[in-house]
2 protein chains.
Amino acid sequence: MNQIKVFSPATVSNVACGFDILGFPIDSIGDEMIVRKTKKKSLVISNVTGYSVPLDIDKNVSTIAVKKMIEQLKPDCGFDFNIKKNIIPGSGIGSSGSSASASVYAINKLLGSPLSEIEMVTYAMKGEVASSITEHADNVAPALMGGLVMVKSISPLEILKLPTPKDLYCFVINPKIEVKTSYSREILPKEVKLKSATKQVSTFGSFVHSLHTEDYELLGRSLNDYLIEKHRKKLIPLFDQIKGIALNNGALGCSISGSGPSVFALTKGIEKANEINLLVSDLYKTSGYDFSTYVSKISENGVRTLSI
Amino acid sequence: MNQIKVFSPATVSNVACGFDILGFPIDSIGDEMIVRKTKKKSLVISNVTGYSVPLDIDKNVSTIAVKKMIEQLKPDCGFDFNIKKNIIPGSGIGSSGSSASASVYAINKLLGSPLSEIEMVTYAMKGEVASSITEHADNVAPALMGGLVMVKSISPLEILKLPTPKDLYCFVINPKIEVKTSYSREILPKEVKLKSATKQVSTFGSFVHSLHTEDYELLGRSLNDYLIEKHRKKLIPLFDQIKGIALNNGALGCSISGSGPSVFALTKGIEKANEINLLVSDLYKTSGYDFSTYVSKISENGVRTLSI
């Protein structure tokens, strides 16, 4: 195999109740990448289409992610990257995580799959760290593994695949304004009330319980964030209105996707997600901002091969 | 039915990873209570044996707990309480929770069981609040319901019964020094690091996941507390040594029971719990403090009728 074309999904992370530790892929939007073996042992980004990202291999997360991997696997070739960047950077739906996961997955495949899933996550995180101040896995792990994924710990890295209820769908709106992950992390307080922390602990616990018992009502009562949303929502035009519409129209929960500005809602069944899509799109047209929306099943699929 | 004799178990709350929200009963120690209907519509504590608790019905948690209940159920009789107080107050193993649960359960039975489990928990909490600054349900809920129980929220009260892995045992040591719940709450910080809160959220999430998947190793890696233990452990003689012995001898985890001074360890199988019991007892004899130890299955049984 000398060439591979892969699709790597966007991801919703945090998911209201699991700041920095929970995420899932959005199956209907993702980056595409063609990676080709080259004789010369180097990394080259020969082409980028879609949204603009650096061609410099020391600045592009796709190549940053695979540098350490290549150092350790020592392949007898180089790699050329042709990137179709479909996810706008700074969108809060795992743009850099998607690119980092795509390149790690592609090169692993081209080299005969020497790496385990957890090793791939480790390398992809190296790319992520370039676009964020802290190392986190809640975008790359769901992008690589699919389904609802929680990061138990970063050091040592431990990832748990949670059960994904089969009727779970998401609606996502991505306002086309950039919120830098680093900035939206800076505005968070270093300390939180013990009482709020305790509430968040129980809320995440009941979320995990609801997945195992496939209890959608409990799931809905568990999609709450007491630590982060109040600080970040001011960066997002019409956030409260979007959330109001979602919750008044049957969403199980609604909050900020990643560090924003994207906002997601989860629903039982696709109909409610489609309905919320229509209503929120109507609202957002009045905001003056450009935007995209997505409706997707919470898919068990992560990154995948499109062709070889 | 004019009289009932009940047993109400001691409980381990917090359980390392679930401060204020998680608990389970210790089947081998609990308060006993004989409650008798009386013609005169009043509450009387006619006898207390074992550890000393107030005879005054406005100061004893057993009677405080049932006052509101009686106001609302309006029974055509009064009640006489004969309390065998086996759990030392201020021990950290739910002494007041046991008494409060016993009286609520007993009177509910004597009146033909008009209350649901969650209603019983609500009333029993009224007794608990008398011995603590904040209202909490992580002792009375497991005492009344049995098994591993989590408190999703206090207001509105929502309790979840978690699956209890069948080979789970606990060892508990109760040093005979009193630590007032109110004091051990005062020494806690009002705020905690966001990073520690996030760690606790993921740790509790993985704990719940481990119960559903019956993964004892993950359960062990989830019995950690990043918020509370470091502040309270200084109130407990030889805490670090007890924990060292437990973890070096196969315990899945070890931490403070409730607000201390009791310390618990969880094990897979009874043998390890017995072994830890011997070793910790040997250590504690050197401390100069009197103490008791208990080994118990994490039982699905909570409070129960001994005779009628």
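Modeller: One definition to start: buried area is the accessible area, taken with a 1.4 Å probe, that two parts lose on being put together, summed over both. Keep in mind that this is a predicted model. Here the area buried between chain B and chain A is about 2700 Å², and carbon and sulfur atoms give 69% of that. On the chain B side, B:K152, B:L194 and B:V201 lose the most area to chain A, together 23% of what that side buries.

Colleague: How many residues from each chain take part in the contact?
Modeller: Chain B brings 36 residues and chain A brings 36 residues.

Colleague: What makes A:R221 and B:E158 a salt bridge?
Modeller: The rule wants a side-chain nitrogen of Lys or Arg within 4 Å of a carboxyl oxygen of Asp or Glu. For A:R221 and B:E158 the closest N and O atoms are 2.5 Å apart, so the pair qualifies. As for polar contacts, eleven residue pairs count between chain B and chain A.

Colleague: Which element gives the largest share of the side of chain B that touches chain A?
Modeller: That's α6(B), with 13 residues. The residues of that side of chain B divide into 19 nonpolar, nine polar and eight charged.

Colleague: Why do you say that β8 of chain A and β8(B) pair?
Modeller: Pairing takes at least two bridges. These strands have three, in the antiparallel sense, so they count as paired. Within that pairing, A:K193 stands opposite B:E191.

How values were computed: Residues are numbered from 1 along each chain as its sequence is written. Chains are lettered from A and ligands numbered from 1 in the order in which they are written. This is a predicted model: local features need pLDDT of at least 70, side-chain atom pairs count only at pLDDT 80 or more; totals for chains, interfaces and linings use all residues. Side-chain values use heavy atoms; hydrogens and water are left out. Contact means heavy atoms within 4.5 Å. A polar contact is a pair of N or O atoms within 3.5 Å; within protein, one must be able to donate a hydrogen and the other to accept it, and residues adjacent in sequence count only if both atoms are side-chain atoms. Helices (H or I, at least four residues) and strands (E, at least two) are DSSP runs, numbered from the N terminus. Ala, Val, Leu, Ile, Met, Phe, Trp, Tyr, Cys and Pro count as nonpolar, Asp, Glu, Lys and Arg as charged, and the others, Gly among them, as polar.
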